Amino acid sequence: MPLVTPSLALIIFAVGAAAGSLGALLGLGGGVFLVPFLNLVLGFPFSIAAAISLTTVIATSSSVSAGRAGKQLINMKLGMLLEVATAAGSLLGGVTAQLIAQSVLQKLFGIVAVIVALIMLSRLKRRNVILDPAANPGVLGGRYYEAESRGVFTYRVKRLPLAIAASFLAGNVSSLLGIGGGIIKVPILNAWCGIPLRAAAATSAFMIGVTATAGAIIYYGHGQLEPALAAAAVLGVQLGSWGGLRFGAAASAKWLKVMMAVLLFIVSAMMFFRGGR
């Protein structure tokens, strides 16, 4: 367990603020930034980094869900359905860890991240919306008001089996790597399942808190969660999430996709680096 000092807590608070901002903006939970920093830069053992990260994922999920409540961005019906698959994947994460070496999982994750980033860049000019606000969204689709375009958009959910499979995989990866799972769910929901990026991000942020809670409890039970450092990270994430929500409401959907793709490339490089150690 790392020695807790005021300077270390301040560093983690600052990194948590940055992670929370991007996590709230893109629905990723922030762990995708925090785990590599804690593990590669500060030298924390991976299990401790993942434990701290999962607590910040819960904080980001709570902040984003509260901040976007009433704005119709969170698709509750779809979120509850996919959460069943995500929770199942999370429970089986321990089994997967026994069957596949962590370095192999990290490299596979890096490959998937590159593929998804390229697909996101190929869809910069495409929007998953139906311009007629009176159109039928279907059983799992939805409507929301977008400040950027100042209009009500409708969307329908496509390829539901793919969304369920992606959620299962995201839950598995979340438990193994402590990154929340949104890095998988958001791009796939947007690129292949017909869900606009803002709605995909908000729905993912709503789901990841449930998944992260189970993982965080397990890490805590094994004595791998340092409460003081987790508290510093959570406070930073709460501050960052507030800024991310304010910026995300007016940000261009095109630039959000570019940011997501760049992030995926960075995460892929980090995963390959860590998997090769």
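Which are the buried residues of H8? They are Gly182, Ile183, Ile184, Lys185, Val186, Pro187, Ile188, Leu189, Asn190 and Ala191. Here, buried means under 20% relative accessible area, exposed means over 50%, and partly exposed lies in between (1.4 Å probe, protein chains only).

## About the model

This is a predicted model, in which local features need pLDDT of at least 70 and side-chain atom pairs count only at pLDDT 80 or more, while totals for chains, interfaces and linings use all residues. Residues are numbered from 1 along each chain as its sequence is written, and side-chain values use heavy atoms, with hydrogens and water left out.

## The chain as a whole

Let us start with the overall layout. The chain has 11 helices and 2 strands, where helices (H or I, at least four residues) and strands (E, at least two) are DSSP runs, numbered from the N terminus. Read from the N terminus, the order of elements is α-α-α-α-α-α-β-β-α-α-α-α-α.

Of the 277 residues in the chain, 55% are buried. Among the contacts with a separation of 6 or more, 78% join residues 24 or more positions apart; contact means heavy atoms within 4.5 Å.

Arg159 sits in the loop between strand S2 (151–155) and H7. Its phi is near 50°, a positive value in a residue other than glycine.

H7 itself has 18 residues and spans 25 Å from its first C-alpha to its last, close to the 26 Å expected at 1.5 Å a residue. That expected span is 1.5 Å times one less than the number of residues. The buried residues of H7 are Ala163, Ala166, Ser167, Ala170, Gly171, Asn172, Val173, Ser174, Ser175, Leu176 and Leu177.

## H7 against H4

Helix H4 (residues 76–91) packs with helix H7 (residues 160–177) at an angle of about 45°, and their axes are 7 Å apart. Axes are lines fitted to C-alpha atoms, for helices over the stretch in contact, and angles run from 0 to 180 degrees between N-to-C directions. The two helices are therefore oblique to each other: angles under 35 degrees count as roughly parallel, over 145 as roughly antiparallel, 65 to 115 as roughly perpendicular and the rest as oblique. The crossing of H4 with H7 is right-handed, a term used if the near helix is turned clockwise from the far one by less than a right angle, with anticlockwise being left-handed.

On the H4 side, the contact involves Leu78, Leu81, Leu82, Ala85, Thr86, Ala88, Gly89 and Ser90, which meet Leu160, Ala163, Ile164, Ser167, Phe168, Gly171, Asn172 and Ser175 in H7. The residues of this contact divide into 9 nonpolar, 7 polar and no charged. In this scheme Ala, Val, Leu, Ile, Met, Phe, Trp, Tyr, Cys and Pro count as nonpolar, Asp, Glu, Lys and Arg as charged, and the others, Gly among them, as polar.

## H7 against H8

What about the other partner of H7? The axes of H7 and H8 come within 8 Å and cross at roughly 165°, so the pair is roughly antiparallel. This crossing is right-handed. From H7, the contact draws on Leu162, Ala163, Ala166, Ser167, Leu169, Ala170 and Val173, and from H8 on Ile184, Lys185, Ile188 and Leu189. Its residues comprise 9 nonpolar, 1 polar and 1 charged.

H8 is mostly covered, with 10 of its 10 residues buried. Asn190 belongs to this helix (residues 182–191) and counts as buried at 1% relative accessibility. Asn190 and Val157 are 33 residues apart in sequence, and their C-alpha atoms are 9.9 Å apart in space.

## Two partly exposed residues

Met76 is found in helix H4 and is partly exposed, with a relative accessible area of 46%. It is 64 residues from Leu140 in sequence and 9.0 Å from it in space, C-alpha to C-alpha.

Thr213 has its place in helix H9 (residues 197–221), where a relative accessibility of 31% makes it partly exposed. Thr213 and Thr55 are 158 residues apart in sequence, yet 7.4 Å apart in space, C-alpha to C-alpha.
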